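I opened this notebook to record what I looked up on helix packing and charged side-chain pairs.

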Amino acid sequence: MLIVMKPQATEEDVKRVCRKIEAMGFRPHPMPGAQRTAVGITGNPGPLEPAEFETLPGVAEAIRVSKPYKLVSREVKNEDSLIRVGGGANVLAFGGKELALIAGPCAVESREQAFAAAERVRKAGARLFRGGAFKPRTSPYSFQGLGEEGLKILAEVRDRFGLLIVTETIDPENCDLVERYADVLQVGARNMQNFSLLKRVGRSKKPVLLKRGLSATLEEFLMAAEYILSEGNYNVILCERGVRTFADHTRNTLDLSVIPAVKRLSHLPIIVDPSHGTGKRDKVIPLARAAIAVGADGLIVEVHPEPDRALSDGFQSLYPEQFEELVEQVGAIARVLDRTLNSAPQANARR
Ligand code: PEP
Ligand code: MN
């Protein structure tokens, strides 16, 4: 259920509603909006009657939410969410007019490799750096990432290049470590329904990049996000990264139709990963262009200084000069849509 407050409702009116919700064994989620505050209700202790709230001071109406996902839905919050990432002077937002570009290697392999990638993607205009320190690989014999050493390298990348760090956390215990270093916690496709991890990142103060599962329906995808919001972390960025189909000309089938579908149902921003979405370097730029054209709020792209020597996902990693080309091309499409890239001018970099 959603409690819609009157525009003139006071802070005390909102608190009274929240206290009542808690007293009934549910969890209140106050959501201040431009016109008025609404309070979402989650939990499962029993049935709720709108009349129990409609008589409270400051309440305009109590509405039943028909969708199985509540907090992520537009029924509960109609305005697009702006998810702020970073801190201090280095803050940017996902979900507004500006498009966010996340770029970097699949995995952090060494300090030299990460620095070389960071320098090039920063120069090309990215403000966020990706790179896995913990890699959930299909084979236990494949490179699993550098672990904490990789996180330390990522922290150096942030300091030296002014890039915000997006990196994957693979289980609830591992999250304690990763959240000390990351600006954005990535939950990978294979973990989209790892419910204990979703609950754990839901209790984090850091924003979460939630990737769509390999065969997840739209409803399953939004329900996974709901797990995170229901724990109190409303800062979730969705990511389409391709799904399994019979098609074998690409690694996955990038489902760009999910972008407008998500936009219709949810207020959360959604970005696209054309690297895992295609698995093939030559298809990354065309699908990056298409992703922006269809309304994505940004991109996450694998870029490696020497893709042919990459320890993971080399075939789909762009050469740095290809990433520059990508930025130029998606920038042109963004302008048509009256959007801009959130790339900072070079002068802002610390070196
Ligand atoms: C990644 O971003 O490196 C990754 C492993 O992606 P996904 O979880 O989408 O496969
Ligand atoms: Mn990868």
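The entries below concern a predicted model.

Entry 1, helix packing. I examined helix H3 (residues 111–124) against helix H11 (residues 320–336): the axes come within 9 Å and cross at roughly 20 degrees. Because angles under 35 degrees count as such, I recorded H3 as roughly parallel to H11. The crossing of H3 past H11 is right-handed. I listed the contacts: Arg120, Val121 and Ala124 of H3 meet Pro320, Glu321, Phe323, Glu324 and Val327 of H11. By class, this contact has 5 nonpolar, no polar and 3 charged residues.

I looked up Asp338 and Lys97, whose side chains form a salt bridge at 3.4 Å, N to O. Asp338 sits in the loop between H11 and strand E15, Lys97 in the loop between strands E6 and E7, and the two are 241 residues apart. Asp338 counts as exposed at 52% relative accessibility.

Arg111 and Glu156 form a salt bridge at 2.7 Å, N to O. This pair joins helix H3 to helix H4 across 45 residues of chain. I noted Arg111 as partly exposed at 38% relative accessibility, and Glu156 as partly exposed at 30%.

For Glu302 and Arg130, the closest N and O atoms of the salt bridge are 3.4 Å apart. I located Glu302 in strand E14 and Arg130 in strand E8, 172 residues apart. Both Glu302 and Arg130 are buried. I also found one network of salt bridges with shared partners, joining Arg120, Glu321 and Glu324.

Conventions:
Residues numbered from 1 in each chain as written. Chains lettered and ligands numbered in written order. Predicted model: local features only at pLDDT ≥ 70, side-chain atom pairs only at ≥ 80, totals over all residues. Heavy atoms only, no water. Axes fitted to C-alpha atoms, helices over the stretch in contact; angles between N-to-C directions. Helix = DSSP H or I, 4+ residues; strand = E, 2+ residues; numbered from the N terminus. Parallel < 35°, antiparallel > 145°, perpendicular 65-115°, else oblique. Left-handed = near helix turned anticlockwise from the far one by under 90°. Contact = heavy atoms within 4.5 Å. Nonpolar A, V, L, I, M, F, W, Y, C, P; charged D, E, K, R; others polar. Salt bridge = Lys/Arg side-chain N within 4 Å of Asp/Glu carboxyl O. Buried < 20%, exposed > 50% of the residue type's maximum accessible area, 1.4 Å probe, protein only.
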